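Here is a briefing on one protein chain. Take the sequence and the coordinates together, then read the points below.

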Amino acid sequence: MKKISFRNDVLPLKDLLYRLALRITLRHEEAEDIVQDTLIKVWNKRDEWDKIDSIEAFSLTICRNLALDRLRMKQNQNESLDNLHLETPDQGGTPYELMLQKDRIQLVKQMVDALPEKQRSCMQLRDFEGKSYKEIAQILNISEDQVKVNIFRARQAIKKKYQETEGYGL
């Protein structure tokens with residue numbers, strides 16, 4: 001079994017942990033605090049690292065649980081990513097096309113934010129982080145079938161809402 005190093009195996013997960021925390025809390029400051037708390041908790045469990053199959057899954061699970069705990073405490077579920085200033089890639093085109101693209105990206109972000117937490121987390125880990133169904137199941141402590149169902153429902157909900165919105169115009 002590989003010897004786990006905090007510097008080489010845990011610290012490189014900071015960005016991944018941040019994205020997960022941000023997806024759950026929807027607040028930059030909260031996400032940063034959660035990452036710090038996660039790293040402290042992982043470090044404090046260093047005596048148990050040799051019993052852990054995946055330090056990444058272990059860290060993500062801690063991060064998710066901390067984010068959900070904080071979310072429950074703050075009751076800030078109505079906050080949306082549209083309050084965050086995320087940059088969109090510049091694809092070129094006319095200012096009108098760029099505005100439409102930006103509006104569509106914002107619309108999809110709002111739709112993802114409106115999903116139930118489990119669906120949102122599954123979709124985040126699968127579609128944005130590229131995790132396998134098995135890894136997601138381990139992180140969220142649910143079965144692989146539940147992961148697949150949550151991802152399917154999330155994608156269907158987004159697709160339906162997007163088609164309705166695009167059909168009626170923005």
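Ile4 touches Asp9, Trp49 and Ile55, not counting residues up to four places away in sequence; contact means heavy atoms within 4.5 Å. This is a predicted model, in which local features need pLDDT of at least 70, side-chain atom pairs count only at pLDDT 80 or more, and totals for chains, interfaces and linings use all residues. Residues are numbered from 1 along each chain as its sequence is written, and side-chain values use heavy atoms, with hydrogens and water left out.

- Ile4 sits in the segment before helix 1 (6-10). Helices (H or I, at least four residues) and strands (E, at least two) are DSSP runs, numbered from the N terminus.
- The relative accessible area of Ile4 is 17%, so Ile4 is buried. Buried means under 20% relative accessible area, exposed over 50%, and partly exposed in between (1.4 Å probe, protein chains only).
- Ile4 and Ser54 are 50 residues apart along the chain, and their C-alpha atoms are separated by 9.7 Å.

**Overall architecture**

- The protein chain has 8 helices and 0 strands.
- From the N terminus, the order of elements is α-α-α-α-α-α-α-α.
- Of the 170 residues in the protein chain, 38% are buried.
- Among contacts in the protein chain with a separation of 6 or more, 67% come from residues 24 or more positions apart.

**Arg120, a buried charge**

- Arg120 belongs to helix 6 (residues 117-128).
- Arg120 is buried yet has no salt bridge. The nearest side chain of opposite charge is Asp113, 5.6 Å away.
- For charge, Lys and Arg count as positive and Asp and Glu as negative; His and the chain ends are not counted.
- A salt bridge is a side-chain nitrogen of Lys or Arg within 4 Å of a carboxyl oxygen of Asp or Glu.
- The Arg120 side chain reaches the backbone oxygen of Arg23 at 3.4 Å.
- Leaving aside neighbours within four places in sequence, Arg120 is in contact with Arg23, Ile24, Leu71, Val112, Asp113 and Leu115.

**Salt bridges**

- Side chains of opposite charge can pair when their charged atoms come close.
- The whole structure holds 9 salt bridges.
- One of them joins Glu129 and Arg19, with the closest N and O atoms 2.8 Å apart. This pair links distant parts of the chain: Glu129 is in the loop between helix 6 and helix 7 (133-140), Arg19 is in helix 2 (residues 14-25), and they are 110 residues apart.
- Glu129 is buried at 13% relative accessible area, whereas Arg19 is partly exposed at 38%.
- Asp37 and Arg70 also meet through their side chains in a salt bridge (2.9 Å, N to O). Asp37 lies in helix 3 (residues 28-44) and Arg70 in helix 4 (residues 55-74), so the pair ties together parts 33 residues apart in sequence.
- Asp37 is partly exposed at 29% relative accessibility, while Arg70 is buried at 19%.
- A further salt bridge connects Arg155 and Asp127, with the closest N and O atoms 2.4 Å apart. Here Arg155 is in helix 8 (residues 144-168) and Asp127 in helix 6, 28 residues apart.
- Arg155 is partly exposed at 34% relative accessibility, and Asp127 is partly exposed at 35%.

**Cysteines**

- A disulfide is a covalent bond between the sulfur atoms of two cysteines.
- The whole structure contains 0 disulfides, taking a disulfide as a pair of cysteine sulfur atoms within 2.5 Å.
- Cys63 is buried, with a relative accessible area of 0%.
- Cys122 is buried, also with a relative accessible area of 0%.

- Most residues other than glycine have a negative phi.
- Leu26 has a positive phi near 65°. Leu26 is placed in the loop between helix 2 and helix 3 and is buried, at 3% relative accessible area.
- Asn141 has a positive phi of about 60°. Asn141 lies in the loop between helix 7 and helix 8 and is exposed, at 70% relative accessible area.

Note on methods
Polar contact = N/O pair within 3.5 Å; in protein donor to acceptor, adjacent residues only side chain to side chain.
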